[in-house]
Amino acid sequence: MKQLYVFFLNVVVTSLSYAQSVGIGTTTPATSAKLEISSTTQGFLPPRLTIAQRSAITNPALGLVIFCTDCDELQVYNGTIWKSMSGKAACISPSLPSVTICNQVWMQKNLDVSTYRNGDPIPQVTDATAWSNLTTGAWCYYNNGPANNAVYGKLYNWYAVNDARGLAPTGWHIPSDAEWTTLSTCLGGDVVAGGKMKEVGLTHWLSPNTGADNSSGFAGLPGGNREINGTFNFLGSNGYFWSSTELPTSYAWYRSLNYINGSLNRSNYNKVFGLSVRCLRD
């Protein structure tokens, strides 16, 4: 069997070296292609590499193609950097759980990063007075309890959302007010969209968690908030999510879910408030 494989490989290599076009699965390969593979039952399988394995390639050739298992996408080297097939810079960290809702791709978990995209640390602020006086980016756990992070992620003030260093991981961004509206419209409007976005059951939501069916896959959670005076409220009853859109004051738009109805609510808070963040794929 090994000898047969080597023979076949030699035939293909020789054909590619001397023939104008070679076909596998076709006797009429395109004249513009050196090699054409035709099949209705099988696909072409490129090398499958992790980010670390991709980065370990020495002097990758221009046009080199791989499938990145960490990023869940095909990638090509353009002579300078790795890029996804959509033309965006390839991810530098493993892909995060996501869900496609209409034409948008949303994270399925609240953000829990403690650094900006460039690696600079985001300050953790626990003191209530210090929090209330902030004019720069910061984060905290709900009630300053690290155990809340695993379920609800971190709470961020809007200054962190708007920081030029980037709060969202590479390939993601904080949704604008208009992008939140697109999501709501897709799910039938504000009156019913919230129910389609909420996690089902009472594991994290207070009773009655009205309208929750999570039919969108968004899996929204009631992570509560940190108010302008630095106190914490509404864990279990409400989930608040920043948008990237500010008002011409010290306020910015957000969306919220609550346990008593199936609405997705739109309002604005002072930028000092600490809210959850859900990211949207670029």
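Q: If a disulfide is taken as a pair of cysteine sulfur atoms within 2.5 Å, to what does the count come by this rule?

A: The model is a predicted one, and the count in it is 1 disulfide. Cys 102 and Cys 186 form that bond, with their sulfur atoms 1.8 Å apart.

Q: Which hand does the disulfide of Cys 102 and Cys 186 have, and which parts does the pair tie together?

A: The torsion about the S-S bond is about 80°, so the disulfide is right-handed. Cys 102 sits in the loop between β7 and β8, and Cys 186 in helix α6, so the pair links parts that are 84 residues apart in sequence.

Q: Are Cys 102 and Cys 140 buried or exposed?

A: Exposed means over 50% relative accessible area and buried means under 20%. Cys 102, at 51%, therefore counts as exposed. Cys 186 is partly exposed at 29%. Cys 140 is buried, at 0%. Cys 140 is in no disulfide, and the nearest cysteine sulfur, that of Cys 279, is 17 Å away.

Q: Which strands stand at the edges of the open sheet of 4 strands?

A: In a regular strand, side chains alternate between the two faces of the sheet. Here the order is β3-β4-β5-β6, with mixed pairing. The edges are β3 and β6, each with a single partner strand, so one side of each has no neighbour in the sheet. Strands β5 and β6 run antiparallel and are joined by 3 bridges; Val 76 stands opposite Lys 83 in β6.

Q: How many residues lie between β12 and β13 in their hairpin?

A: There are 5, and Gly 230 in the turn has a positive phi of about 90°. The two strands pair in the antiparallel sense over 3 bridges, with Asn 225 opposite Asn 233 in β13.

Technical notes
Residues numbered from 1 in each chain as written. Predicted model: local features only at pLDDT ≥ 70, side-chain atom pairs only at ≥ 80, totals over all residues. Heavy atoms only, no water. Pairing = 2+ DSSP bridges. Disulfide = S-S within 2.5 Å. Buried < 20%, exposed > 50% of the residue type's maximum accessible area, 1.4 Å probe, protein only.
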